[in-house]
Amino acid sequence: MTAKVLNNILVKPAGPDCNLDCLYCFYKNKPELFPETGRPRMSEFLLEAMIRQIVEPSGGEVSIGWQGGEPTLMGLPFYRKAVELEERFGAGKIVGNGLQTNGLSIDRQWARFFREFRFLIGLSIDGPEHVHDHYRRMRGGGTSWSRVADRAKLMLDEGISVNALAVVHDYSSRFPEEIYSFHKALGLTFMQFIPCVETHPSHRDRVTSYSVSAQDFGKFLCRTFDLWISDFLEGVPTTSIRFFESLLLSYAGFIPPECTLYKECGVYLVVEHQGDVYSCDFFVEPAWKLGNIAQGSLTEMLNSPRQLQFGKYKSNLPKECRPCEWLSLCRGGCPRNRIRSSRDGSHNHLCQAYKMLFEHADPVLKRLACEWQRKQDNSKHIQSSTARVGRNEPCPCGSGKKFKKCCGRL
């Protein structure tokens, strides 16, 4: 078996510490894992050890995602040091940085740093005010929407790439048009919709009241898919929705970037503030602890028997998945959404939602994949004939359009 190369890693330098108190946060109970730490913060020693291990053995590119809790609680000097270490140990390699934030700490100094070092920012914003403030509350109960929307405008004005990260829960699932239109109007044309599925701590076979139901999430996906398609211009999307684009890549025969669509998990690692390493962001728990960066190698942990076991855990599918016509697309969904049942083992809480979407979107995705492939074939043909075709002459692809209006703009 070929050893996996560490190309992606998720780092939680402030652990579960946060300056918000969102009701649906799956990470709120994680301080129980770190009783020895009152105020979790990654040390400079561990930061250097981690960056060296991430960057030096990597291939030509590596991506580091800074997350939490709220990662900006580390302060800007911490990230300046991180970038310095990346440059020191990178030896000319491409190191991409992404940071997921609730936006509350962002000011113009932060924004200019993000722009200078090309950080991709994932901003947690659930939609318009009544949607966002429904569960995303300040400590003490205050609302957060106005500050977050203001920080979004600040970062966009500074020319930073910002993705909207919107949690879809029992309330927000009712407003797909409003959420999509709000993000687009604000300038957040790159969107990710994250389903909220949380089980009761004492009843693993039940989801919480704020979790989205499969039926509601399915309706939400179908409607946002239609909105996404309606905004295409000459066959090209003008907004980006990560899950839909991942599906389109799957239809076109490529590996999608969305890990929930992989056959197996275990393609990246998570590093906590005190150096502990875990298999996945959603499985930061003792059963899936792989080691610590102060005593072990990240590359070895990625290829360890424990991580390989974690990866294959996904392919142990619920019974209902095995005969499903959509299995080659969803691969059983994310394991964290599998709800235990004493009757039949487990089932994916969102199974019905994805079936609804696939049945709804399948004809359109097939057509788009064919059109995309045709353009790729035409583009290859054009490479050999471009030198002979003037910009105002008919396009060699046979569309009847002028070359500059057709394949000449590919």
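Valine 95 touches Val55, Val62, Ile64 and Glu86, not counting residues up to four places away in sequence; contact here means heavy atoms within 4.5 Å. The place of valine 95 is in strand β3. Valine 95 and isoleucine 64 are 31 residues apart in sequence, yet their C-alpha atoms are 7.4 Å apart in space. The structure is a predicted model, in which local features need pLDDT of at least 70 and side-chain atom pairs count only at pLDDT 80 or more, while totals for chains, interfaces and linings use all residues. Residues are numbered from 1 along each chain as its sequence is written, and side-chain values use heavy atoms, with hydrogens and water left out.

**The sheet**

- An open sheet is formed by 10 strands in the order β9-β6-β5-β4-β3-β2-β1-β10-β11-β12, with mixed pairing. Two strands pair if DSSP finds at least two bridges between them.
- At the edges are β9 (240-241) and β12 (289-292), each of which pairs on one side only.
- Helix α2 packs on the sheet and touches β2 and β3, and its direction makes about 170 degrees with that of β2.
- Helices (H or I, at least four residues) and strands (E, at least two) are DSSP runs, numbered from the N terminus.
- In a regular strand the side chains alternate between the two faces of the sheet.

**Parallel pairs and crossovers around β3**

- Strand β2 (residues 61-66) pairs with strand β3 (residues 94-101) in the parallel sense over 6 bridges. Tryptophan 66 stands opposite leucine 99 in β3.
- From β2 the chain crosses through α2 to β3, and this β-α-β crossover is right-handed. A crossover is right-handed if, with the strands pointing away from the viewer, the path from the first strand over the helix to the second runs clockwise.
- Strand β4 (residues 120-124) runs parallel to β3 and is joined to β3 by 4 bridges. Glycine 98 has leucine 120 in β4 as its bridge partner.
- A right-handed β-α-β unit is made by β3, α3 and β4.

**Packing of α2 with α3**

- The axes of helix α2 (residues 76-90) and helix α3 (residues 108-116) come within 11 Å and cross at roughly 10 degrees. Axes are lines fitted to C-alpha atoms, for helices over the stretch in contact, and angles run from 0 to 180 degrees between N-to-C directions.
- α2 and α3 are therefore roughly parallel to each other; angles under 35 degrees count as roughly parallel, over 145 as roughly antiparallel, 65 to 115 as roughly perpendicular and the rest as oblique.
- α2 passes α3 in a left-handed crossing. A crossing is left-handed if the near helix is turned anticlockwise from the far one by less than a right angle, and right-handed if clockwise.
- Leu76, Tyr79, Arg80 and Val83 of α2 make the contact with Gln109, Trp110 and Phe113 of α3.

**Packing of α6 with α7**

- Helix α6 (residues 176-186) and helix α7 (residues 214-230) pack at an angle of about 40 degrees, and their axes are 9 Å apart. The two helices, α6 and α7, are therefore oblique to each other.
- The crossing in which α6 passes α7 is right-handed.
- On the α6 side, Pro176, Glu177, Ile179 and Tyr180 meet Phe220, Arg223, Thr224, Leu227 and Trp228 in α7.

**Backbone features in loops**

- Most residues other than glycine have a negative phi, and most peptide bonds are trans.
- The peptide bond from glycine 68 to glycine 69 is cis, with omega near 15 degrees. Glycine 69 lies in the loop between β2 and α2.
- Arginine 118, although not a glycine, has a positive phi of about 55 degrees. The loop between α3 and β4 holds arginine 118.
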